[in-house]
Amino acid sequence: MDPTHMLWSGWGDPGRAAPLPRQVTDVLGELLGVRPADGRPVELTAIEPPVCRLTSEAKEAVTRIVGAGHVLTDAESRVRHTRGKSTTDLLRIRAGAVGDAPDAVVMPADHDEVLAVLRACSRHQIAVVPFGGGTSVVGGLTPGTHGCFIALDLRAMNRLTALDTVSRTAVLQPGLRGPEAEALLAGQGFTLGHFPQSYEWATIGGFAAARSSGQASAGYGRFDDMVTALRVATPEGTLDIGRAPRSAAGPDLRQLVLGSEGAFGVITSVTVRVHPAPETRAYEGWSFGSFAAGRDALRALAQNGRPPTVLRLSDETETMIGLADPGSLGTAPGPGTDCLAVVGYEGTAVEVSGHRTRTHTELREHGGVFLGEAPGEKWADGRFSAPYLRDALLDIGAFAETLETAAFWSDIPALYENVRTALTTALAGAGLPLVVMCHVSHVYPTGASLYFTVLSAQGDDPVAHWALAKRAAGEAILASGGTISHHHGVGSDHRDGYAQEIGPLGVAVLHAVKDRLDPSGILNPGILLPPAQSPPTGARR
């Protein structure tokens with residue numbers, strides 16, 4: 001298998017997929033009533049997507065632009081570009097349900113080819129779904145159309161094209177995966193500092209298109225904070241936006257593209273702030289007597305000066321289950337650890353030493369107990385492994401899924417309780433044993449993000465059960481003053497919630513933007529905003 005391919009039926013490198021240890025399956029059996037079973041997916045070679053609906057004229061037009069070797073219509077390529085990596089996505093594809101596979105995979109080489117492909121698709125009424133790492137967990141890769149569509153795979157656009165060491169900015173192409181971007185920058189003595197859980201597979205273009213927020217955001221900021229300029233291809237032409245660190249020259253058009261998930265155009269170049277590669281990194285663990293006490297400590301750090309680079313807090317349940325360290329699921333971090341906080345520092349040795357001293361003083365004043373470096377180092381070693389754990393849980397009949405939100409500090413206590421209650425009530429009503437866990441994943445002076453994880457038995461219809469639970473959680477989030485998404489994006493899953501957040505006039509404004517940039521409605525239709533016109537058909541006649 002091509003090592004650059006993500007596991008088609010799960011997450012990440014196929015070589016890293018592993019079954020759960022016996023002690024973990026025993027714990028889950030007691031908690032959820034699940035037992036190891038034959039839950040493996042059907043074979044990839046046994047899956048046959050629908051007949052390709054590209055007309056010969058449309059295929060020829062696209063092939064003239066990118067070359068015959070870069071227009072793929074074979075079954076495996078199409079299956080590998082079907083949907084994203086949410087649990088419901090995986091359940092469907094593991095069952096062989098690929099009725100919404102793209103009709104072709106098209107791989108452009110540069111901005112001009114992207115521009116030409118979009119114009120050709122607009123003429124032939126073929127929908128286009130930009131595809132980076134394929135890591136969307138909110139339905140961002142499944143267009144709201146029953147007509148013909150292509151996956152526009154940007155993997156060939158994977159270079160660091162410029163580095164300004166004076167201004168400390170870098171120009172990156174959208175198909176660069178996180179580790180590739182870091183390696184290229186490290187070779188020049190810099191780092192981007194963006195490490196979301198999807199880091200190993202997600203791409204620079206995807207980070208921008210979904211407003212990603214990395215695990216080190218307390219120190220480096222969110223990805224949308226890092227972006228200084230963008231180049232975007234649309235069916236109507238090219239957008240070049242961002243020419244200075246800050247500007248008073250009207251509204252910032254970068255903000256229309258950041259988070260737009262391919263609905264307004266295809267990002268072909270991203271200019272970002274970079275930082276000198278840190279001399280040292282250090283991670284440590286702290287214990288708090290309650291989630292509320294730990295939350296107050298994190299708020300103090302966020303509001304009373306520069307917080308550490310990494311700052312996370314697990315609630316009592318997540319700490320007890322051991323999910324703060326995915327490699328130790330079912331094993332609590334140690335006696336007396338009620339709520340585990342992970343704190344990380346990056347910089348020169350002098351900077352890290354001074355930062356730790358100030359942070360330790362603040363955390364102890366709020367009742368924190370220092371646990372040493374071992375819990376923090378364990379988290380750092382396993383921080384990209386949780387999605388692999390989800391795959392193993394599916395294999396034994398368990399269901400694992402996440403959702404996240406953010407709110408102002410004053411709203412966080414009610415938001416936390418209301419979302420937990422909504423999830424518990426919805427799934428318990430379906431007769432499913434479950435565990436709901438939460439952690440504070442990102443902090444700001446004015447608020448924080450809450451990241452919920454749900455473990456339950458799959459039951460007879462896990463897709464329907466989760467849809468019910470997520471709808472209830474979304475209603476609770478909006479009613480409690482939270483945002484429908486803090487860093488996973490909108491996709492199709494959160495589209496209605498997003499429309500409620502910005503209101504009818506806000507939706508109309510964004511439709512006006514889309515109508516100008518994409519008058520044929522071919523760009524990821526049904527994603528981000530409800531369709532305002534008939535979707536493309538483009539089917540073979």
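Is the crossing of α4 and α17 left-handed or right-handed? The crossing is left-handed, where left-handed is taken to mean that the near helix is turned anticlockwise from the far one by less than a right angle, and right-handed that it is turned clockwise.

1. Basis of the note. This is a predicted model, in which local features need pLDDT of at least 70 and side-chain atom pairs count only at pLDDT 80 or more, while totals for chains, interfaces and linings use all residues. Residues are numbered from 1 along each chain as its sequence is written, and side-chain values use heavy atoms, with hydrogens and water left out.

2. Helices α4 and α17. The axes of α4 and α17 come within 10 Å and cross at roughly 165°, the axes being lines fitted to C-alpha atoms, for helices over the stretch in contact, with angles running from 0 to 180 degrees between N-to-C directions. The two helices, α4 and α17, are therefore roughly antiparallel (angles over 145 degrees count as roughly antiparallel, under 35 as roughly parallel, 65 to 115 as roughly perpendicular and the rest as oblique). T88, L91 and R92 of α4 make the contact with P462, V463 and W466 of α17, contact meaning heavy atoms within 4.5 Å. By class, this contact of α4 with α17 has four nonpolar, one polar and one charged residues; Ala, Val, Leu, Ile, Met, Phe, Trp, Tyr, Cys and Pro count as nonpolar, Asp, Glu, Lys and Arg as charged, and the others, Gly among them, as polar.

3. Helices α16 and α17. Helix α16 (residues 412-429) and α17 have axes that come within 8 Å and cross at roughly 155°, which makes α16 roughly antiparallel to α17. The crossing of α16 and α17 is right-handed. On the α16 side the contact residues are L415, N418, V419, A422, L423, A426 and L427, and they meet H465, W466, L468, A469, A472, A473, A476 and I477 in α17. The contact of α16 with α17 has 13 nonpolar, two polar and no charged residues.

4. Helices α2 and α5. Helix α2 (residues 56-66) packs with helix α5 (residues 111-124) at an angle of about 170°, their axes being 9 Å apart, and α2 and α5 are therefore roughly antiparallel to each other.

5. The largest pocket. About 760 Å³ of space lies in the largest pocket (a pocket is an open set of points on a 1 Å grid over the protein atoms alone, where a 1.4 Å probe fits, with protein on both sides within 12 Å along at least five of seven lines, and lining residues have an atom within 4 Å of a point). Among the 35 residues that line it, A467, K470, S492, D493 and H494 are the closest to its centre. The elements giving two or more residues to this lining are α4 (87-94), β16 (398-408), α17 (462-479) and α18 (495-517), and α17 provides the largest share, 10 residues. The lining of the largest pocket divides into 11 nonpolar, 12 polar and 12 charged residues.

6. The second largest pocket. About 430 Å³ of space lies in the second largest pocket, which is lined by 27 residues, with T4, M6, G132, R155 and W201 nearest its centre. Helices α3 (75-80) and α4 each supply at least two residues of this lining.

Methods:
Points joined across faces, edges and corners; volume = space filled by probe spheres on them. Helix = DSSP H or I, 4+ residues; strand = E, 2+ residues; numbered from the N terminus.
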